[in-house]
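Subject: A structure for you to explore

Hi there,

I am passing on the structure I mentioned, and my notes on it follow below. Please open it alongside this email and look up each part as you read.

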Amino acid sequence: METFLGLDYPTLWFLVVGGLFSGYAILDGFDFGAGAWHLFFKEENDRRIALNAVGPVWDGNEVWLVIAGGALFAGFPVLYASLFSGMYLPFMLFLVFIIFRAVSIEFRGKEPMKWWRRMWDISYSISSIMLAFLLGVVLGNVLQGLPINENHEYTGGPLLDFLNPYAIMVGITTLALFMAHGAIYLLMKTEGKLYAHIAILLKKGMIFFMVTFGITSLYTLLYIPHLSDSFRDSPALFVVPLAVFLSIANVPRLASKKKYQQAFIFTSLTAALLLVLVAIELYPTLLISTTDPENNITIYNAASSEKSLGIMLTIAAIGAPLVLFYTAFVYKTFRGKVKIDETSY
Amino acid sequence: MDVEILSRIQFAFTVAFHYIYPPLSIGLGLILVIFESLYIKTGNKEYEALTRFWIKIFALTFGIGVATGIVMEFEFGTNWATYSKYVGDIFGSALAAEGIFAFALESGFLGVLLFGWNRVKSWVHLVSTIGVFFGSMFSAVWIVIANSWQQTPAGYHIVGEGLNARAEITDFWEMVFNPSTVDRLTHVWLGAFLAGAFLVLSVHAYYILKGRFVEISKKAFKIALIVATVFSLGQLLTGHHSADGVAVNQPAKLAALEGHYEASAPADMYLFGWVDQENEEVTGIGIPGGLSFLIHQDFDEPVTGLDAFAKEDQPGQVNAVFQFYHLMVAIGITLILLSVGGTLLYWKGQLFNKKWLMTIFMFSVLLPQLANQFGWYAAEMGRQPWVVYGLLRTSDALSVVVQANQVLFSLIVFTLVYVLLFTLFIYLLNKKIQHGPYDDHEDEGYSLQHDMADLIANQK
């Protein structure tokens with residue numbers, strides 16, 4: 001098997017996909033989070049500012065989903081096929097909310113009527129909340145495993161099976177993390193009364209996150225023992241959960257000093273580290289079969305050919321610096337507090 | 001209805017709806033690059049107003065394009081799991097390249113294009129516009145490569161058997177430049193340019209007819225007319241090349257396009273007609289031996305007909321393929337007549353007085369949209385019963401675990417959501433058009449001035 005830096009190609013692609021989903025969680029995470037708070041702002045002008053804080057970037061953030069999804073399809077087609085066809089209805093709901101959210105952002109400012117704006121405000125906020133929640137539900141189900149047969153096909157029920165207590169807890173925790181992350185993003189983008197209001201909301205958001213995160217962690221340790229196996233085998237890996245706790249603890253510390261840019265780095269880091277934790281818990285499995293471990297989908301039985309992975313690694317190596325360049329350029333252009341002008345939503 | 005037909009309807013419906021928007025983004029992207037370059041070169045405020053006006057309409061089409069595009073990517077996995085496993089190794093690298101090279105470029109610069117007018121220097125803004133335009137062109141590259149590979153697979157070998165069979169890549173560049181990529185890509189690009197140009201023609205023809213924003217509209221109309229003329233003529237060439245390619249690579253599809261059944265006989269080319277699938281006959285008006293001439297430059301040369309293929313390897317809907325193909329060609333010729341005729345009259349200085357012609361231009365926006373749609377219907381239905389030509393049947397490509405009621409549910413939801421989306425799109429597009437190319441506040445006086453100037457000019 002071909003290797004690069006001592007890692008085989010499926011492992012390298014696993015890292016690429018993990019990196020892309022981390023990037024996606026950090027980026028769309030803050031704009032879903034900002035959207036989740038939307039109805040907490042009562043004034044029309046506050047809502048406009050909050051919406052325009054994500055206005056120039058949400059579209060680019062969603063691109064990360066397309067790229068991460070494409071990378072999953074390209075590198076691990078067997079997983080893509082099993083997971084997406086198995087979780088048919090959750091993914092369809094996800095798509096509907098993605099559409100409604102995009103439409104709400106685009107159309108809200110196009111008419112001055114109160115009912116019009118209120119309708120899109122509600123649709124924007126609910127779809128943001130549901131998208132964060134559904135991402136967590138998918139993650140929760142992947143962590144627990146799904147009933148998968150020898151052809152790597154899902155054999156469970158269509159919808160309610162996915163809404164089990166653990167998946168719901170992971171969903172709520174994801175929402176809570178994104179809300180804290182989004183509130184900090186909004187704090188970097190606002191000033192005056194709105195800024196003061198969001199600072200109070202952030203405190204509530206952090207408490208919400210810490211409580212749900214605590215419950216989910218405990219639940220994982222007690223009821224999903226297979227997820228701790230990696231740590232029992234190599235205790236050195238405990239440095240990762242430790243880093244997660246330190247990263248989370250830094251957020252309220254920095255927030256109390258109003259150092260929101262640094263706090264934002266730590267909520268981003270938390271999201272990324274939690275996915276590193278997921279990666280460690282799963283690797284080299286991608287999807288655990290709850291019916292028979294023989295049917296597990298792993299990075300080896302799900303991967304594309306070495307040739308294909310090699311091509312895609314080359315594409316990624318050329319493309320990644322370009323993507324980082326555009327992203328940095330856009331964020332630099334729109335840095336600082338939101339100013340409403342005639343191009344705004 | 002069974003899962004196969006429901007999944008096919010859902011995919012066809014969602015992709016047909018999606019395909020209203022990307023061609024507009026590509027086509028308007030080209031027009032925006034021209035308008036903005038002219039603004040920067042001449043400093044003429046009218047080109048600035050045109051650029052800003054069309055950016056707003058571009059934004060409307062782009063947002064819907066992104067949201068409906070994510071649906072397409074997900075549907076491969078949700079509805080066509082076996083297909084995803086089969087083509088993942090090949091299709092994957094094209095899709096990954098699209099995400100990284102095209103979509104990131106497009107969406108990265110989009111923020112600057114839409115919201116950066118007051119934040120960056122004017123040349124940086126132009127670079128962003130060009131970036132978005134190139135990004136949308138590149139998107140088409142990778143998507144068309146993937147689809148062309150399904151039409152004319154190359155650079156692969158098959159590994160495994162039965163349910164576990166899949167295509168694996170053996171040569172990336174052979175896959176990229178498979179026999180139909182170049183012809184189909186140019187055909188798609190030109191179709192997109194025409195979609196954009198005719199939207200611009202249509203809106204400004206409307207203004208000219210209404211006597212609003214007349215001077216600025218004449219400038220925009222002229223530019224769009226040049227684009228339309230060049231590319232409607234060019235489309236003749238790419239279309240012909242595509243047909244030649246189909247003759248070599250997909251003989252069953254070629255036969256279906258003209259309803260040619262006899263296994264080996266000279267084939268006719270119809271202007272219009274009707275295929276009786278049961279009796280394997282075409283009733284219509286055409287040129288005897290025309291298809292033979294088009295392909296072989298000889299009226300008597302035989303062309304492979306549908307009967308040369310086993311019944312289960314023939315497209316199921318020959319008449320539909322025939323009709324969509326002929327409608328596309330008819331529209332293409334109409335677009336040439338319209339744009340070349342318009343250019344000649346413009347040259348003589350008589351174009352803008354011809355009310356009847358401006359009325360036709362006002363409605364002409366529908367034509368390239370319909371041609372784009374019909375062309376794809378013919379291409380995709382003509383490939384049936386295969387999803388990957390000669391390798392994987394559509395009926396074998398489904399998600400085994402998804403049930404009919406699930407697909408029915410999602411199909412109903414998509415239908416409702418897309419009807420709502422389309423209604424909003426038309427409503428907002430109309431609102432922007434009624435509002436016109438000038439901004440509300442500081443430019444109100446400017447706009448009024450122009451309306452006055454138009455009024456005076458019209459009275460003379």
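B:Val365 is in contact with B:Phe198, B:Leu199 and B:Ser202, leaving aside its neighbours within four places in sequence. Please keep in mind as you look that this is a predicted model. You can find B:Val365 in the loop between helix H12 (355-363) and helix H13 (366-383) of chain B. Is B:Val365 buried or exposed? It has 20 C-beta neighbours inside 10 Å, and residues with 20 or more count as buried, so B:Val365 is buried.

Next, have a look at a pair of helices in chain B. Helix H2 (residues 21-42) packs with helix H5 (residues 122-151) at an angle of about 155 degrees, and their axes are 9 Å apart. Angles over 145 degrees count as roughly antiparallel, which is why H2(B) and H5(B) are described that way. Their crossing is left-handed. Among the residues making this contact are B:Ile26, B:Leu30 and B:Val33 of H2(B), together with B:Leu126, B:Ile130 and B:Phe133 of H5(B). By class, the contact has 13 nonpolar, 7 polar and 1 charged residues.

Which residues of H1(B) are buried? They are B:Leu6, B:Ser7, B:Arg8, B:Gln10, B:Thr14 and B:Phe17. Helix H3 (45-79) and helix H14 (404-435) of chain B are included in what covers them.

Finally, turn to the place where the two chains touch. Chain B brings 59 residues to the contact and chain A brings 60. On the chain B side, H3, helix H4 (81-115), strand S2 (166-169) and H14 each supply at least two residues. Which of these elements gives the most to that side? H4(B) does, with 25 residues. Sorted by class, the chain B side has 34 nonpolar, 17 polar and 8 charged residues.

Best wishes

Technical notes: Residues numbered from 1 in each chain as written. Chains lettered and ligands numbered in written order. Predicted model: local features only at pLDDT ≥ 70, side-chain atom pairs only at ≥ 80, totals over all residues. Axes fitted to C-alpha atoms, helices over the stretch in contact; angles between N-to-C directions. Helix = DSSP H or I, 4+ residues; strand = E, 2+ residues; numbered from the N terminus. Parallel < 35°, antiparallel > 145°, perpendicular 65-115°, else oblique. Left-handed = near helix turned anticlockwise from the far one by under 90°. Contact = placed C-beta atoms within 7 Å. Nonpolar A, V, L, I, M, F, W, Y, C, P; charged D, E, K, R; others polar. Buried ≥ 20, exposed ≤ 12 C-beta atoms within 10 Å, placed from the backbone.
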